2 protein chains.
Amino acid sequence: MDALACGGTLVFDKAQSHYLARVLRRKIDDQVRLFNGRDGEYLATISQTSKQKLTLSVDEQTRPFKPAPDIWLLFAPIKPKRNVFSVEKATELGAALIQPVITARTTAKINMDKMQAHTIEAAEQTERLDLPCLGEPQKLADLLADWDETRTLIFADEAGDAKPAAKTLAKIKAPAAILIGPEGGFTEAERQTLRAKFYCTPISLGPRILRADTAAAATLALWQAVSGDW
Amino acid sequence: MDALACGGTLVFDKAQSHYLARVLRRKIDDQVRLFNGRDGEYLATISQTSKQKLTLSVDEQTRPFKPAPDIWLLFAPIKPKRNVFSVEKATELGAALIQPVITARTTAKINMDKMQAHTIEAAEQTERLDLPCLGEPQKLADLLADWDETRTLIFADEAGDAKPAAKTLAKIKAPAAILIGPEGGFTEAERQTLRAKFYCTPISLGPRILRADTAAAATLALWQAVSGDW
């Protein structure tokens, strides 16, 4: 979307106009709230409509832009409904990037177009003024090969002597990323590889085994509470 | 279930025997893992089977019983799939009691039999050795009228000056309860009532509006991490 500023004019293309006029049933002189992921939220009035386009005049800023902290969620796809859950919750909980990761025990596929729709719906619901980036699925080895070492990689390690989550996460500031394994967890070789990286920090999520989608939401909420913007 | 102890014998009734023999297809000399919510986990061997009953001999304890902390989740029912989510996640995250609460803006019904099935499934998945209690839906006013004032009531208060969650929850030890409102939140009258109780503590869950089910899982995870058994 173009830049948003008070007094400005926006012209929506056919797809955007269709959504606003037909799906949301907005008419001339109706007010809508707009955001583009960088300028904040604005109130705008629909000033002209046609089948091909729709013109809006931007009235006033209703909320300034405040970016979510630079925290990523990397997760191994599992069942479709649980992937939807992870993506929806990560959007609500303020992830900046959501990236499916293919690990040794990952067998599930993931439909990224569907995931995109869920991030948009969740961002609107949560009144977030930006969308998380959605990365295409990538193999764990490739991800680690390209890793920016200034970004701490937090991984939930069920099978070890990892330290309790709250105190550990309180020391990990952005940029950071949370890595959640598939059902069945990481292989021993993956765990060793991860633990050998200086930028990797294992954490324990308590005495009960959490499903992957629960672990994703819990870790993200916890990080936001102790090191993010809560 | 009867008490579990090494060297003991258990006789399962018709329903339990049917489940083990027909649904799980276990036969004589098969070993199964048993727990009853108070004695821990035991390995037992099926020693006799018939249509009416099934006898097991208890071999050894595989895990001691460790009760989950005394934390409750009280939530206003919303859509069925989101209620399932709240109940499943609360079970995984170690809630001792899960109780639907009817608030002024609660319009949804909840099927408690279905919820019971979800707590059992989630407890098995998470290897919890007890089940959370499931309370029948109750009106918020009735719940507060009977409140045990030694139990701190934590409520997610979107519309106020509530303090950040992590530091506040770190000071709240068990027994405690987390109260999550419905879509649309609590009414102003409910908020005032809650805030006037000395045992009530409002918390803020950050700058993004969370769905009720997200707020439930996030608050419970956070409490377990800073004051529970993580």
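What follows is a walk through the sheet, then a helix, then the pair of chains.

A: This is a predicted model. Start with the sheet in chain B. It is an open sheet of four strands. Their order is 1-4-3-2, and the pairing is antiparallel. Two strands form the edges: strand 1 (9-12) and strand 2 (31-35) of chain B. Each of these pairs on one side only. From one strand to the next, the twist averages 40°.

Now look at strand 3 (residues 41-49) and strand 4 (residues 54-63) of chain B. Eight bridges join them. The two strands run antiparallel. As background, strands of a sheet pair through backbone hydrogen bonds.

Next comes helix 7 (residues 212-227) of chain B. This helix has 16 residues, and at 1.5 Å a residue they should span 22 Å. The end C-alpha atoms are 22 Å apart, which agrees. Of the 16 residues of helix 7 of chain B, 15 are buried, so the helix is largely enclosed by the rest of the structure.

Finally, step back to both chains. Chain B can be laid on chain A with an RMSD of 0.2 Å. That takes a turn of 180° and a shift of 0.1 Å along the axis. The two copies are thus related as by a two-fold rotation axis. The interface fits this picture. Of the interface residues of chain B, 100% are also interface residues in chain A, so the copies meet through the same surface.

How values were computed
Residues are numbered from 1 along each chain as its sequence is written. Chains are lettered from A and ligands numbered from 1 in the order in which they are written. This is a predicted model: local features need pLDDT of at least 70, side-chain atom pairs count only at pLDDT 80 or more; totals for chains, interfaces and linings use all residues. Copies are superposed by least squares on the C-alpha atoms of residues with pLDDT of at least 70 in both. Two residues are in contact if their C-beta atoms, placed from the backbone, lie within 7 Å. Two strands pair if DSSP finds at least two bridges between them. Axes are lines fitted to C-alpha atoms, for helices over the stretch in contact, and angles run from 0 to 180 degrees between N-to-C directions. The expected span of a helix is 1.5 Å times one less than its number of residues. A residue is buried if 20 or more other C-beta atoms lie within 10 Å of its own, exposed if 12 or fewer, and partly exposed in between; C-beta atoms are placed from the backbone.
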